[in-house]
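Hi,

Here is the structure for your pocket work. Please have a look before you set anything up.

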Amino acid sequence: MTIYQTPFKRHQILDDQGHVLGALPGWVTEQPERLCAAYRHMVLIRQFDQKAIALQRTGKLGTYPSVLGQEAIGVAVGQAMQSDDV
């Protein structure tokens with residue numbers, strides 16, 4: 001029995017072991033510094049999140065919703081924004 005079937009197709013570049021499955025997007029090979037910047041930002045967000053959770057658990061910070069596992073979307077949106085976006 002099918003409950004819901006999505007019209008979206010899955011696009012996978014790396015397998016579970018990190019091996020490349022197909023051609024990489026053009027921006028990865030043409031602008032590797034952009035990929036490095038995105039990774040650096042995701043690592044910084046993860047570190048901030050870990051420290052904020054530790055502070056929250058010790059009572060030094062109020063309610064804090066973790067962003068664990070959601071780092072990439074924030075970085076992607078930030079990289080896609082233009083200087084005149086509001």
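Predicted model: local features only at pLDDT ≥ 70, side-chain atom pairs only at ≥ 80, totals over all residues.

Residues are numbered from 1 along each chain as its sequence is written, and side-chain values use heavy atoms, with hydrogens and water left out.

Largest pocket. It holds about 230 Å³ of space. A pocket here is an open set of points on a 1 Å grid over the protein atoms alone, where a 1.4 Å probe fits, with protein on both sides within 12 Å along at least five of seven lines; lining residues have an atom within 4 Å of a point. Volume is the space filled by probe spheres set on the points, which are joined across faces, edges and corners. The lining includes Trp-27, Arg-34, Tyr-39, Met-42 and Gln-79. Helix H2 (32-57) and helix H3 (71-80) each give at least two lining residues. Helices are DSSP runs (H or I, at least four residues), numbered from the N terminus. By class, the lining has 9 nonpolar, 1 polar and 1 charged residues.

Second largest pocket. Its space is about 160 Å³. Ile-13, Leu-14, Leu-24, Pro-25, Trp-27, Val-28 and Leu-35 line it. The class count is 7 nonpolar, no polar and no charged.

Ala-37. This residue sits in helix H2. Ala-37 counts as buried because its relative accessibility is 16%; buried means under 20% relative accessible area (1.4 Å probe, protein chains only). Its C-alpha atom is 32 Å from that of Thr-6, 31 residues away along the chain.

Best wishes

Terms used: Nonpolar A, V, L, I, M, F, W, Y, C, P; charged D, E, K, R; others polar. Buried < 20%, exposed > 50% of the residue type's maximum accessible area, 1.4 Å probe, protein only.
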